[in-house]
Amino acid sequence: RQTGMALGRHLLVEFYDCEMECLNSAKIVEESMVQGVKASGTTFLNSTVHQFYPYGLAAVVVLAESHIAIHTWPEYNYASLDFYTCGEVANPWAGFETIAKGLKSKKYSIMEIKRGLKNLMPPAIEVPNATEDKEETASDKPFKRLHFYVDKLANGGRMLQTDGKILYSKQSPYQKIEVLNTLSFGKLLLIDGTTNLTDGDEFIYHEAMAHPALMTHPDPKKVLIIGGGDGGLAKEVLKHDNVEKVVLVDIDKEVVEMSKSLFPQLSQSFDNPKMELIIGDGLEYVRKAQDESFDIIYIDSTDYNESCSDCLFSLDFLLNCKRVLSKEGIVVTQSEAIATFPKPWAKCFEKYYRAFGKDKVDFALFEMPCWGQQTISFLSKGSIHPLKSLDKDRVEKICEKMQLKYYTYKMHKALYTLPKYIQRMVYNLKESVSQVCGAVADLATRMSRLPLLRHVKTTSINLKLISKKK
């Protein structure tokens with residue numbers, strides 16, 4: 001039990017059932033806190049608000065008497081408040097009530113703690129006055145509000161600082177498209193709230209995805225790109241003179257139009273005479289395409305979605321891609337990060353294996369500053385291998401002409417040279433999938449030889465005939 005005079009009063013508040021719009025507005029939260037300062041009789045010194053994207057914020061008001069701090073979770077209509085005042089004159093309860101009204105909280109819990117009980121401390125001692133520091137302090141500098149975008153993942157998150165401006169926001173029939181401006185990477189493209197690309201490091205992904213297949217294929221002339229509506233992958237593919245035709249199929253016209261407006265350095269590829277842009281369903285396009293009509297197929301899709309069976313990761317789609325490839329054709333597909341998302345990646349790999357075979361599937365692994373780990377899959381219909389088919393002289397000659405920023409002969413070898421722990425994961429998965437597929441094939445063979453099954457089948461037919469006669 002706390003009794004006697006204290007140096008400070010500390011309120012810990014849980015706000016429930018708040019208005020979501022209030023909790024996601026830096027202006028409303030800051031104004032509510034400033035009004036709470038006035039109601040409590042404390043002295044306002046400064047405030048800082050960190051706006052997170054896509055939602056939530058943290059705010060602090062510095063008082064002469066101490067501080068007020070708040071963090072909001074709009075997705076739960078919840079906020080936590082920390083209101084600390086020194087001395088016995090201020091009334092933090094009045095300030096709390098004002099803030100509760102500002103956030104439109106319907107219920108709350110609150111606890112007051114007395115800080116620094118005087119009856120537990122020795123008498124105050126004399127302390128010399130603080131000396132004046134002539135160097136500029138943080139409070140002397142111009143106030144700057146900080147904004148952050150948080151890419152919230154199932155098992156973590158990534159955070160990038162932005163200038164708080166939303167350059168583009170539109171809900172298409174297929175997805176939500178947004179563009180923010182980050183301080184470190186320039187413009188940031190979000191698809192359904194997840195990082196898609198940035199100005200600052202898109203070249204890493206697009207070069208790593210485009211050039212290995214084009215460098216190992218002996219004579220790639222016709223290329224198909226499914227997805228990639230921003231144009232970045234097509235831009236890299238079109239740097240190869242021997243490519244005669246590039247067909248890009250993207251279902252969302254809004255992504256293409258957005259890129260033309262905000263990412264012109266990528267969308268310039270749409271004006272190339274070798275380029276054919278089709279707004280349509282990539283699944284349907286591949287299903288209707290002629291046999292052996294493309295040398296390389298790139299699948300520049302969003303991440304694997306387990307709820308979508310008929311998608312760009314389905315076995316049916318991959319088998320159609322294999323049919324459409326020329327005899328030495330290659331499929332290159334964006335895949336889940338192996339170490340970060342092992343379960344979705346394993347499901348993707350199982351389909352790659354079943355469509356192309358265990359020895360025809362290889363992986364490139366690299367790091368993106370704004371993403372983290374990234375995996376690209378190399379699926380070969382014929383004899384081409386990402387390392388064994390590599391010609392050093394050819395690669396270096398082409399790279400010198402292109403003046404690329406990321407891809408080189410040595411980087412190509414590094415991309416497809418997996419670290420030992422990833423090699424072990426790939427090996428174990430190949431073995432487990434091989435055993436399952438072998439067991440299923442063996443079981444099917446054994447069952448086909450059983451006379452009992454033929455008898456059961458005949459009996460079933462006879463029962464149906466008897467049923468019809470009745």
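**Cysteines, salt bridges and surface patches**

Cys-311 counts as buried, because its relative accessibility is 9% (buried means under 20% relative accessible area, exposed over 50%, partly exposed in between, with a 1.4 Å probe and protein chains only). This is a predicted model: local features need pLDDT of at least 70, side-chain atom pairs count only at pLDDT 80 or more, and totals for chains, interfaces and linings use all residues. Residues are numbered from 1 along each chain as its sequence is written, and side-chain values use heavy atoms, with hydrogens and water left out.

**Cysteines**
- The structure holds zero disulfides (a disulfide is a pair of cysteine sulfur atoms within 2.5 Å).
- Cys-348 is in no disulfide; its nearest cysteine sulfur belongs to Cys-311, 8.1 Å away.
- Cys-348 is buried, at 0% relative accessible area.

**Salt bridges**
- The count comes to 16 salt bridges (a side-chain nitrogen of Lys or Arg within 4 Å of a carboxyl oxygen of Asp or Glu).
- Lys-401 and Asp-241 meet in one of them, at 2.3 Å from N to O.
- That pair links distant parts of the chain, 160 residues apart: Lys-401 sits in helix H11, Asp-241 in the loop between helix H5 (232–237) and strand E13 (245–250). Helices (H or I, at least four residues) and strands (E, at least two) are DSSP runs, numbered from the N terminus.
- Both Lys-401 and Asp-241 are exposed.
- Lys-260 bridges to Glu-257, with the closest N and O atoms 3.8 Å apart.
- Both Lys-260 and Glu-257 lie in helix H6 (residues 253–262), three residues apart, about one turn of the helix.
- Lys-260 is partly exposed at 43% relative accessibility, and Glu-257 is partly exposed at 36%.
- Asp-316 and Arg-287 form a salt bridge of 4.0 Å, N to O.
- Asp-316 is in helix H9 (residues 315–324) and Arg-287 in helix H8 (residues 282–288), so the pair ties together parts 29 residues apart in sequence.
- A network of salt bridges links Glu-284, Arg-287, Lys-288 and Asp-316.

**Surface patches**
- Leu-7, Leu-120 and Met-121 form a nonpolar surface patch, with about 310 Å² of accessible area together. Patch residues have over 30% relative accessible area and no salt bridge; like charges are joined within 9 Å, nonpolar side chains (Val, Leu, Ile, Met, Phe, Trp, Tyr) within 5 Å. Accessible areas come from the Shrake-Rupley method with a 1.4 Å probe; for residues, only the protein chains shown count as cover.
- Leu-7 is in strand E1 (residues 6–16) and is partly exposed at 44% relative accessibility.
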